[in-house]
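I am opening a notebook on a structure I have not looked at before.

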Amino acid sequence: MSFVFPSSGTSGATVTVTPTASYTTNATEGTTDTTTVSSPATTATTPTEVDPCNPNPCGKNSAKCIPMYFTYVCQCPYGFYYNSSTCYPGKIFPGTIILAENYPKDIETVNSSLYLQMFQNLTTFFKAAFSSTDYKQTVIVEVHVTTGNTRSENFGVNITVMNIFEENTKETTETVIEQIQAEANRSNYMYLYNSTTHCAVFNCDNATTECQESEYPECTCKSGFSKTAWDDFSCSDCSSDCSADDNKYCAREDGVPKCYCMTNFKKEGEKCVSCPVGYSGQNCENNFELILIIVGTVFGAIILCLVVAVSIVSVRAKCSQDPEKKSLIKPKYSNPDTSSESRIFPRVQTTSGHPNPGYQPNPYEARSSNRNRFLDGDYDDVYDISREPEGFRMQRR
């Protein structure tokens, strides 16, 4: 539900460094008085010498001290309001606001003077709007300048707030909006108010959780995430199936836990499987082993071809040896029958293994059938040939 409120005076005017007006309501006369909060001519820098939250002024409880421009505000956990150093349970009415005037981006900075002025104006506005109720506190959740990137320009401002009442209040969303509308008609500070969901002010981590809407929302983990003992608004761990048993491990990237496959594994669907042959590393992106396999195979093939070629050449060389060379020398002692052989030169026979070490075979000995191959001569006229145990003997007549 949203309402656009009419405004008076300089509605929509651009405000840069002029003093900011805060509005207070005179409850007895029903009129609105305007007071001015002085501001410096330029945006003040963040104080560095004084820490308003040291020592902690919010007491020893769950309240948190938020440092502002030379001051502070105590803020309790969701569902509680702060009062007298203690946090009390309350009922929350969340909403969003668009201011009637434009401001520079410095208004987003919590410890800037512009933020302090905005905080004071909103607190005064809601106290006046809920003056007759059990209203307790307004908490600013987020301030966002709608457009522009430079701090010197002025733009519209969206503010997300929580208005907290007593736990057993009788107020409803409708009555809260009616009272805000009535106060806006008496002032020119607010342009638009929208009621919003409780999830909008609960601050669940959008990256790891999903907010389940209720008066007290619950941040449930998205798929692939799980909560640890200290998690309320986020899921800072991976799910249980991200483990070494599934070849996975959990790591943080930009503050968000992510599940990765272990080294030498890659993701296929929801599983991490081993890298193919030749690949390794994170997500199997390293192919160095594949290069080694290819190079090794090529060199192996080349070496094998060389071995085969040398073997073939060697075998061919042995087979193509000159037959005359083979027949010139006859190893060991063999049959001296040379009738079946035809050669120009006589074959030399070795005497290895012969019983008579001095035996010398006659290379010209031949069977009678081959005697006609030798030229007839008058050898009988000069020499006599006789056989002896040690071989042939020739003597002159």
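**Contacts along the chain.** I looked up how far apart in sequence the contacting residues are. A contact means heavy atoms within 4.5 Å. Among the contacts in the chain with a separation of 6 or more, 49% are between residues 24 or more positions apart.

**Ground rules.** I note that this is a predicted model, in which local features need pLDDT of at least 70, side-chain atom pairs count only at pLDDT 80 or more, and totals for chains, interfaces and linings use all residues. Residues are numbered from 1 along each chain as its sequence is written, and side-chain values use heavy atoms, with hydrogens and water left out.

**Overview.** I find five helices and 22 strands in the chain. Both are DSSP runs numbered from the N terminus: helices are H or I with at least four residues, strands are E with at least two. The chain has 397 residues, and 31% of them are buried. Buried means under 20% relative accessible area, exposed over 50%, and partly exposed in between, with a 1.4 Å probe and protein chains only.

**Helix H2.** I went to residues 173–184 next. H2 has twelve residues and reaches 16 Å from its first C-alpha to its last, close to the 16 Å expected at 1.5 Å a residue. The expected span is 1.5 Å times one less than the number of residues. Which residues of H2 are buried? They are Val-176, Ile-177, Gln-179, Ile-180, Glu-183 and Ala-184. Seen down the axis, these buried residues fall within an arc of 165°, so they line one face of H2. The arc is taken from the directions from the helix axis to the C-beta atoms.

I followed strand S4 (residues 64–68) into strand S5 (residues 71–75). The two pair in the antiparallel sense over five bridges; pairing needs at least two DSSP bridges between the strands. Pro-67 stands opposite Tyr-72 in S5. Two residues lie between the strands, and in this hairpin Phe-70 takes a positive phi near 60°. Phe-70 is not a glycine. Its relative accessibility is 55%, so Phe-70 counts as exposed.

**A cis bond.** I checked the loop between S3 (31–37) and S4, where Pro-55 is found. The peptide bond from Asn-54 to Pro-55 is cis, with omega near 5°.

**Loop between S14 and S15.** I looked at two residues here. Asn-247 lies in the loop between S14 (237–238) and S15 (248–253). Its phi is near 60°, positive in a residue other than glycine. At 23% relative accessibility, Asn-247 counts as partly exposed. Ser-239 is in this loop between S14 and S15 too. At 17% relative accessibility, Ser-239 counts as buried. Neighbours within four places in sequence aside, Ser-239 is in contact with Gly-224, Phe-225 and Ser-226.

**Aromatic rings.** Rings of Phe, Tyr and Trp (its six-membered ring) pair if their centres lie within 6.5 Å; planes under 30 degrees apart count as stacked, over 60 as edge-to-face, the rest as tilted. I get twelve aromatic pairs by this rule. In one, Phe-130 and Tyr-135 have ring centres 5.3 Å apart and planes at 40°, so the pair is tilted. Phe-130 and Tyr-135 are both buried. One aromatic cluster is formed by Phe-93, Phe-125, Phe-126, Phe-130, Tyr-135 and Phe-165.
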